[in-house]
Amino acid sequence: MADKAPAAVEVVAVSKRFGSGADAVVALDEVSLALRPNEFFTLLGPSGCGKTTLLRLIAGFEQPSAGQILIDGEPVAGLPPYRRPVNTVFQSYALFPHMTVAQNVAFGLEMRRRPAAEIAATVAEMLALVRLGGLEARRPAQLSGGQQQRVALARALANHPKVLLLDEPLSALDLKLRKEMQAELKRIQHATGLTFVFVTHDQGEALTMSDRIAVMSGGRVLQVGTPEDIYERPTHRFVADFIGDTNLLEAECIAHDASGSRCRVADGIEIATAQSAAVGTRVTLAIRPERVELARAAPTGWPARVESVTYFGTDTTVQMMLGGAVTFQARVQNRNGAVHAFAPGDTVRVSAPPDAVRIVAD
Amino acid sequence: MSPSSLRFPGLRAVLASFFVYLYLPIIVLVVLSFNASPQATIWTGFSIDWYGRVLDNPDLMRAFRNSLLIATTAAVGATVLATLAALGTQRRQGGAVDAVNAVIALPLVVPEIVTAVASLLFFIMIGLRLGLGTVILAHLVFCIPFAYLPIRARLEGMDAALEEAAADLYATPAATFRRVTLPLLWPGLLSGLMLAFIISLDDFVITYFVSGPGATTLPVYIFGMIRIGVSPEVNAVSSLILLISIAFVAASWVIGRLKR
């Protein structure tokens, strides 16, 4: 990438250890990332993967054990949180309970000694942006969870930060409100043109909202890419498994040419992939269930026996046994009564296009 | 089986006699403080003369002023120290913090007579002249745990993210303390202050040991009066102290329960 503008946030080989000596816990292990200006960037991973630690390092609540962080091209090592051009939306919202909504939103501007007229105008503008006009005089305790969330957002945005950090901001909301706030966050990100760093463990949320996602596990970033990259072309077993459902097959590469490789899963079951691997290597293959094609009497494909058929409304999941020992699932859209097309005990033919078969690292 | 399903015959009677045992003497004291008779224990008619006598007794009023001065100074001093201690141990864990908490709470379980004798010997040893100053010092020390507990409870209940949010919104540590921590701590501070005040106001044993001439407090003065004979004046002044104590404890409780 030869961007002229500096990265909104650049994380260079950052490690973070808590504790010391043999008891030290490595929360982040040489993580490097570059966030583009104006992008909605998501840190996705299970709890304990280091995503919140990374956010706290960017905010300045923690200092890295090694490596450095640059915000808008400037190194921020040693800068306390109150000197960094970033603002945070906390998981618990952390609204000041003894202040009104307007006082909460005005807090950052007051701390930076902006003129009163500017503060009043910005507060009104921000409350309008998050659609909370008219609630200026309320206390946080008098607001619903969704409204508190909006106040937290307005309070952070009022400072016009270079980067907005969001720490699982939607996890305390119920499903309906969460969907609403997801759309709201996207709208606000477009309206403000800010860089958002969004931490979540919810893969659905990450896929629908992000421009790019970094999937984290065990203190490392495994893959960075667009939601489509992450879902369609996972590079790691963990990524394929964590995001959506997937079939993971152990196989040995037996041939390869310009168009890809052939891998043997079991006797008589050979799968073609569009990726290449050296002949003789052991590989793990990931295949999304919805890319699997099932047929009763196709001349080609791998033979499988249907174990169970589960109806999911929009689609039906067919669990199978491949080659007598490997479990495998396919998802069939319920357009033509797929739920009735297969029954446990049936023998079917299974295939997948080579571009749907991904070689993933462990 | 819930505890409420346990029923013993006569439980009500036992409970009633327990409350009688607990409060009857106090009720008798308050009633007799309105007795017209100079005999403290024989009722002859209603009067508020004894309250007038109390307010006209210059020695008693001086003792009362001493008590107020000591309690105010000791309570404020103890609250400041307790606040610093609570902030110092805030959101820290481990053996050191547990030890600090134990040491701060220790005066609660040390027998008062031991503290009294120890304080007296200590003051004599370092050559402090007994007087108001020594009483205030001694009170300040035993008031600290009473002030510390509500303040610490309030701090513990505070979301750690609030202070981080303030820092995130460009507040320096000093501004964070002034604008966020202190206002949220306020009910705990007042609660601790009032508790310390009333504990100091009530104290007898330690005061008796470490007060010198001119430093007589109200409880010590009342003890002196009793030795001459129980007069209705003693009943009246005791009732007044009771009133002040109840008012303070009630205020402390109400403030402690204020919404966050």
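Student: How many salt bridges are there between chain B and chain A?

Tutor: The count between the two chains is 2 salt bridges. A salt bridge here is a side-chain nitrogen of Lys or Arg within 4 Å of a carboxyl oxygen of Asp or Glu. This is a predicted model, where local features need pLDDT of at least 70, side-chain atom pairs count only at pLDDT 80 or more, and totals for chains, interfaces and linings use all residues. Residues are numbered from 1 along each chain as its sequence is written, chains are lettered from A and ligands numbered from 1 in the order written, and side-chain values use heavy atoms, leaving out hydrogens and water.

Student: Which residue forms a salt bridge with A:R56?

Tutor: That partner is B:E164, and the closest N and O atoms are 2.7 Å apart. The elements that give two or more residues to chain B's side of the contact are α7 (160-168) and α8 (173-202) of chain B. Of these, α7(B) gives the most, with 7 residues. Helices (H or I, at least four residues) and strands (E, at least two) are DSSP runs, numbered from the N terminus.

Student: What area is buried between chain B and chain A?

Tutor: About 2000 Å², with carbon and sulfur atoms giving 65% of that. Buried area is the accessible area (1.4 Å probe) that two parts lose on being put together, summed over both. In chain B, the residues that lose the most area to chain A are B:D168, B:L169 and B:Y170, together 39% of what that side buries. The contact (heavy atoms within 4.5 Å) takes 19 residues from chain B and 25 residues from chain A.

Student: New topic: which residues of α5(B) are buried?

Tutor: They are B:A116, B:S119, B:L120 and B:F123. Seen down the helix axis, the buried residues of α5(B) fall within an arc of 100°, so they line one face of the helix. That arc is taken from the directions from the helix axis to the C-beta atoms. Buried means under 20% relative accessible area, exposed over 50%, and partly exposed in between (1.4 Å probe, protein chains only).

Student: And what do the buried residues of α5(B) pack against?

Tutor: They pack against α6 (132-156) and α9 (205-210) of chain B. On the other side of α5(B), B:L121 and B:M125 are exposed.

Student: Back to salt bridges. How many are there over all chains?

Tutor: A search of the whole structure finds 26. In one of them, A:R212 meets A:E39 at 2.8 Å, N to O. A:R212 lies in strand β9 (residues 212-217) of chain A and A:E39 in the loop between β2 (25-35) and β3 (40-44) of chain A, so the pair ties together parts that are 173 residues apart in sequence.

Student: Are A:R212 and A:E39 buried or exposed?

Tutor: Both A:R212 and A:E39 are buried. For another pair, look at B:R62 and B:D59, whose closest N and O atoms are 3.5 Å apart. They sit 3 residues apart in helix α3 (residues 58-88) of chain B, so about one helical turn separates them. B:R62 is partly exposed at 44% relative accessibility, and B:D59 is partly exposed at 37%.
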